[in-house]
Amino acid sequence: MTETGETGAHGARLTIDLGAIVANWRMLAARGAECAAVVKADAYGCGVARVGPALWSAGCRTFFVAHLAEGIAARAALPEAAIYVLNGLPPGACEPFAAHDLRPVLGSREEIAEWAAFSGGGRPAALHVDTGMNRLGLPVPEALELSGDPRIAAAGIDLLLSHFVSAEKPEDPVNARQIADFARVKAAYPGLLASLANSSGVFLDGAGHDLLRPGYALFGGNPTPDSANPMRPVVRLEALIAQVRQVEAGASVGYNGRWTAPAPSRLATLSLGYADGFPRAISGRGQALVGGVPCPILGLVSMDLIILDVTAAPAARRGATAVLIGDSLDIDTVGRAAGTIGYEILTGLGSRYVRTYVG
């Protein structure tokens, strides 16, 4: 077990289970294709400097990030890995890509031409085909048209990829259309490896191809939201109770008095707030666990503090621990309570926590 951050400097602790991340990767890798790891957004808030080497030691050899700066950080942690940068090649960025041995995911004619002119086929890259997201990548007709273009070889392209629109909903007909369109493009580029499956796509028939590309599932998110989560939980967020007080009926709580006690109540204040990445949108909607008892979050989450109703939690006292992510409060549950998704909860985890790595 190792820690980062000054012990005792903050009243909240984030525990990250590297063993669970590795176990999740191994479970996905066992589904039949080579398995990469998406470690963008600082490994979904878990820290690429620790997550990357743990996955490398487990056998992962290919990684994906979003930006050039993320690629540079990942390269420092993964000196031998293949690292692809999903958001493409910014104008004039060829030299820093090459200096850090990063592979751009090229999604336009302009990017292909710029990388081809720079690398002359000597540095690898990926080709991004848009099969329905309408976000980045070459449209399918354009990708088919370019299949014989000499600039493809000159760009050193060794991987073809696309991204699902709605893989977490297996019944959505867009999945079958994307699988078919991607298969057409893959047939036009017979020498390239292919990657279509994100976390949820790993569980779709016909989406596996050569390289799986999970991200969220590695970090404990549910890739099959209509059924039980097959992944092991990875993060646990706990905060110390700074103070407990008794209030009478009619007392208001927090900014703007958004909650008023309907009866005499016992309240606990946690040393945690939206400056730590715990969303303000969960105000009055979420809960924490104190001694295993669900305790509602009262009023507005403020910058550094959260107030709980601990009337039903006899374990609540100064210095006791409240669980905000963990046990029955997994990241998907917390995301729903905040009116968002678990991805946003994970990637928003702040820097003030004492971080403990286990496993």
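Biologist: Where does Ala43 sit in this predicted model, and is Ala43 buried or exposed?

Modeller: In this predicted model, the place of Ala43 is in helix 2. Buried means under 20% relative accessible area. Ala43 comes in at 0%, so it counts as buried.

Biologist: Let's talk about the largest pocket. How much space lies in it?

Modeller: Its lining is made up of 34 residues. The space in the largest pocket comes to about 980 Å³.

Biologist: Which elements give two or more residues to the lining of the largest pocket, and which gives the largest share?

Modeller: Helix 2 (40-44), helix 10 (331-337) and helix 11 (342-347) each give two or more residues to that lining. The largest share is four residues, and they come from helix 10.

Biologist: What about cavities: how many of 30 Å³ or more turn up, and what volume does the largest have?

Modeller: Rolling a probe the size of a water molecule over the atoms shows where empty space is left. A search of the whole structure turns up two cavities of 30 Å³ or more. The largest cavity has a volume of about 40 Å³.

Biologist: Now strand 13 (residues 235-247), where Gln243 has its place. What does Gln243 touch, leaving out residues up to four places away in sequence?

Modeller: Gln243 is partly exposed, with a relative accessible area of 38%. Thr269 is 26 residues away in sequence, but the two C-alpha atoms are 5.4 Å apart in space. Leaving out residues up to four places away, Gln243 touches Leu267, Ala268 and Thr269.

Biologist: Why does Ala153 count as exposed?

Modeller: Ala153 is found in helix 8 (residues 150-154). Its C-alpha atom is 8.0 Å from that of Ala116, 37 residues apart along the chain. Exposed means over 50% relative accessible area. Ala153 counts as exposed because its relative accessibility is 59%.

Biologist: Zooming out, what share of the residues in the chain is buried?

Modeller: The chain has eleven helices and 21 strands, and its C-alpha trace spans about 75 × 45 × 35 Å along the principal axes. It exposes about 15,200 Å², with carbon and sulfur atoms supplying 52% of that area. Of the 359 residues, the buried share is 52%.

Biologist: Last one: how far apart are the mean positions of the positive and negative charges?

Modeller: The chain has 29 positive and 33 negative charges. Their mean positions are separated by 5 Å.

Methods
Residues are numbered from 1 along each chain as its sequence is written. This is a predicted model: local features need pLDDT of at least 70, side-chain atom pairs count only at pLDDT 80 or more; totals for chains, interfaces and linings use all residues. Side-chain values use heavy atoms; hydrogens and water are left out. Buried means under 20% relative accessible area, exposed over 50%, partly exposed in between (1.4 Å probe, protein chains only). Accessible areas come from the Shrake-Rupley method with a 1.4 Å probe; for residues, only the protein chains shown count as cover. Lys and Arg count as positive and Asp and Glu as negative; His and the chain ends are not counted. The place of a charge is taken as NZ of Lys, CZ of Arg, CG of Asp or CD of Glu. On a 1 Å grid over the protein atoms alone, a cavity is a set of points where a 1.4 Å probe fits but cannot get out, and a pocket is an open set with protein on both sides within 12 Å along at least five of seven lines; lining residues have an atom within 4 Å of a point. Grid points are joined across faces, edges and corners, and a volume is the space filled by probe spheres set on the points. Contact means heavy atoms within 4.5 Å.
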